[in-house]
Amino acid sequence: MTTTSLVQTNNLDDENRLNTNCWLVNNLGHSPYKRCQHCTFRFHNCLFLHYQLISAGLILFSLGAVFIFEGKVSIVIASIIFSIITVFGYFFNKSTESIVEANFSQAKSNKALEDLTKNLNKKVAEQTKDITAKANRLQELLNISTEFVSIVSHQMRTPLTGIRWFTELLIEDSKNPAKQDGEHKLDFLQQIYDSNKRMIQLVDDLLNVSHIETDGKFKINKETLKVKAVVEEVLKDNITLIDAKKLIIVNGIPDDLSAFADNEKIKQVWSNFISNATKYSPNGTTVTISEENDPKKGLVFSVKDQGIGIPKDQRARLFEKFFRANNAVLQDPNGNGLGLYIVKKIVEMHGGKVWVDSEEGKGSTFYFSLPDTKK
């Protein structure tokens with residue numbers, strides 16, 4: 001008799017559980033048999049049910065024979081049939097017990113294999129996810145390295161070439177007394193100084209980006225600082241260009257306004273906003289520095305200029321790494337596109353936000369907020 005078509009039973013590890021899912025129990029009202037706790041056969045393959053049906057048929061047949069045929073022969077036949085049923089039942093029990101237990105073992109093994117497969121798949125998925133994350137991080141670091149090499153080779157070439165060229169001119173002048181001109185030498189030295197300053201700024205920006213994205217050394221150390229003093233220090237650093245362009249600076253920061261932030265890094269934010277405003281503003285225009293207290297954002301600072309503005313289709317990318325607006329590149333080809341990216345990271349590390357309002361040809365207003373500004 002075949003024993004295929006298995007179905008899953010619940011709680012296979014519970015040795016004392018009776019099989020309340022048995023077809024006999026649910027459909028014929030039989031009490032659950034202890035042996036049935038292991039059974040996983042469907043109805044049409046249930047050996048015990050077959051035995052019950054065959055035994056019932058033989059018993060009915062033997063009882064009918066006793067009533068139909070009188071005499072010792074019928075009694076003998078009935079006794080033989082009952083004996084056969086008894087012997088058959090004994091050997092049936094022995095033979096089916098091993099089949100049922102084997103089926104239980106198989107079901108238990110299948111369940112164990114299924115659990116093992118699930119656990120293995122889970123571990124493989126976790127390892128794959130971890131490997132993928134590490135691979136993505138390695139690719140990101142590789143991209144950073146590639147961008148670093150590209151920006152260094154492109155941005156440093158101009159100042160290095162300028163330093164070499166003006167140094168050669170100074171050397172030539174020193175060899176030829178007739179060409180010695182103090183004014184020209186002073187101009188050459190100024191050019192060398194400016195080129196060197198650009199190189200230092202580029203290196204600083206690249207190191208800041210590296211610290212932000214790779215080794216976690218770009219940390220925020222908050223302290224109480226006077227905002228107006230920081231702004232005035234930045235204005236002093238840019239006084240040469242401000243005076244050369246005859247710009248009107250309106251500093252609306254209150255004298256007593258304090259903030260709880262990293263002094264050097266917030267100074268870097270102000271320096272970027274103010275230097276950009278002075279760089280891209282026409283001569284004689286106004287640069288306005290102001291603040292307001294927003295209940296939701298905290299202190300909001302702004303630097304407004306009347307400069308070249310930003311093209312509408314490029315504003316969304318303004319704070320991306322290495323990005324510069326087309327009109328800014330035309331006016332000043334020496335920028336590296338890292339300043340606003342670093343500013344955005346600094347402000348976000350303080351818990352604030354940075355944004356811009358601008359109209360091309362009419363000027364820009366750069367904003368940043370410090371929600372946790374007061375100690």
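In this predicted model, Ile266 sits in helix 8, which spans residues 263–279. Its relative accessible area is 3%, below the 20% cut-off, so Ile266 counts as buried. Setting aside neighbours within four places in sequence, Ile266 touches Ala261, His350, Phe368 and Leu370. Val230 lies 36 residues from Ile266 in sequence, and the two C-alpha atoms are 8.3 Å apart.

Val230 leads us over to helix 6, residues 227–237, where Val230 is one of the residues in contact with helix 8. How do the two helices pack? Their axes are 9 Å apart and meet at an angle of about 50°. The crossing of helix 6 past helix 8 is right-handed.

Here is who takes part in that contact:

| Helix | Residues in the contact |
|---|---|
| Helix 6 | Val227, Val230, Val231, Glu233, Val234, Leu235, Asp237 |
| Helix 8 | Asn263, Lys267, Trp270, Ser271, Ile274 |

Now for the two faces of helix 6. Val227, Lys228, Val230, Val231, Val234 and Leu235 are buried. These residues cover an arc of only 160° around the axis, so they lie on the same side of helix 6. On the face turned away from that buried side, helix 6 carries the exposed residues Lys236 and Asp237. Asp237 also belongs to the contact with helix 8.

Technical notes:
Residues numbered from 1 in each chain as written. Predicted model: local features only at pLDDT ≥ 70, side-chain atom pairs only at ≥ 80, totals over all residues. Heavy atoms only, no water. Helix = DSSP H or I, 4+ residues; strand = E, 2+ residues; numbered from the N terminus. Buried < 20%, exposed > 50% of the residue type's maximum accessible area, 1.4 Å probe, protein only. Contact = heavy atoms within 4.5 Å. Axes fitted to C-alpha atoms, helices over the stretch in contact; angles between N-to-C directions. Left-handed = near helix turned anticlockwise from the far one by under 90°. Arc of directions from axis to C-beta.
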